[in-house]
Amino acid sequence: LEPIYKTLGSLRLSEDKINYITGDLKRLHESKNQFHEQAIIGLNKQYEQIENKIQRLFNLRLEDDQSITKDLFADKLKELKEEQAEIRLKLAEHDKADERFYITANTVLNLCRYALDIFKSSEPNEKRQMLNFVFQNCRLNGKKLEYTLRKPFDSVAKYANCPTLLPLWNAFRTINWGIVKQELEPFILFMSQRQDLETIRT
């Protein structure tokens with residue numbers, strides 16, 4: 001288990017470094033949120049304008065206006081509905097972007113900080129869960145255990161001892177935190193009986 005201990009130990013970051021990275025990610029999140037809020041306002045306005053066009057189209061049809069045939073009405077209604085569907089997709093993407101990814105990042109960094117201690121004090125089934133969460137492609141090559149780290153743990157191990165935190169911050173900035181959160185939640189739930197896991201929760 002010595003290689004595992006060494007790797008988990010390499011993930012350890014000080015509380016100051018964790019707070020620094022999390023703070024910067026939070027500021028990035030807030031900056032992005034301002035953009036998303038403005039975009040959502042604009043998209044909702046477009047949606048409302050299209051809805052008004054649809055209402056006017058129905059009014060023309062109900063008034064039996066000769067300028068709009070049944071086929072023209074159907075084609076135009078289909079076009080407007082497709083525009084609304086496209087706007088709904090864009091709104092959904094902005095809703096996803098509102099995810100507070102810095103909270104997940106903070107949880108991961110705190111897990112990194114205490115990973116070795118948690119692993120050493122874990123029961124065998126807990127150790128397996130932790131290994132599956134942090135590592136991938138584990139296999140024995142003779143007597144040597146070979147493995148790679150999952151994202152974002154690979155970035156932490158790579159940049160933890162850099163003189164500047166900029167490389168790690170840049171790596172974290174581009175990670176899909178939605179996927180990390182999906183993978184993190186079952187692990188936290190499985191380990192929820194451990195009191196020491198409270199140290200990694202935000």
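Which residue in β2 does Q136 stand opposite? That one is T148.

## Confidence first

Keep in mind that this is a predicted model. The protein chain averages a pLDDT of 84, and 91% of the residues score at least 70. Going element by element, strand β1 (residues 135-141) has the lowest mean pLDDT, at 82, while helix α6 (residues 153-159) has the highest, at 91. As a reading rule, where pLDDT is low, the predicted coordinates should not be read in detail.

## The hairpin and what follows

Back to the strands: β1 and β2 (residues 144-149) pair in the antiparallel sense, with five bridges between them. Besides the pairing of Q136 with T148, N141 has K144 of β2 as its bridge partner. Two residues sit between the strands of this hairpin, and G142 takes a positive phi near 70 degrees there.

Further along, look at the peptide bond from K151 to P152: it's cis, with omega near 5 degrees. P152 itself lies in the loop between β2 and α6. For context, most residues other than glycine have a negative phi, and most peptide bonds are trans.

## How α1 meets α4

Two packed helices are described by the angle between their axes and the distance between the axes. Here, the axes of helix α1 (residues 2-10) and α4 come within 7 Å and cross at roughly 150 degrees. With over 145 degrees as the cut-off, α1 and α4 therefore count as roughly antiparallel to each other.

On the α1 side, the contact is made by I4, Y5, L8 and G9; α4 brings in C112, A115, L116, F119 and K120. Sorted by class, the contact of α1 with α4 has seven nonpolar residues, one polar and one charged.

## Zooming in on R113

R113 belongs to helix α4 (residues 101-120). Leaving out residues up to four places away in sequence, R113 touches L11, R12, L13, E15 and I18. There's also a polar contact of 3.3 Å between the side chains of R113 and Y114.

How far is R113 from L140, C-alpha to C-alpha? These two C-alpha atoms are separated by 27 Å, with the residues 27 apart along the chain.

Conventions
Residues numbered from 1 in each chain as written. Predicted model: local features only at pLDDT ≥ 70, side-chain atom pairs only at ≥ 80, totals over all residues. Heavy atoms only, no water. pLDDT = per-residue confidence, 0-100. Helix = DSSP H or I, 4+ residues; strand = E, 2+ residues; numbered from the N terminus. Contact = heavy atoms within 4.5 Å. Polar contact = N/O pair within 3.5 Å; in protein donor to acceptor, adjacent residues only side chain to side chain. Axes fitted to C-alpha atoms, helices over the stretch in contact; angles between N-to-C directions. Parallel < 35°, antiparallel > 145°, perpendicular 65-115°, else oblique. Nonpolar A, V, L, I, M, F, W, Y, C, P; charged D, E, K, R; others polar. Pairing = 2+ DSSP bridges.
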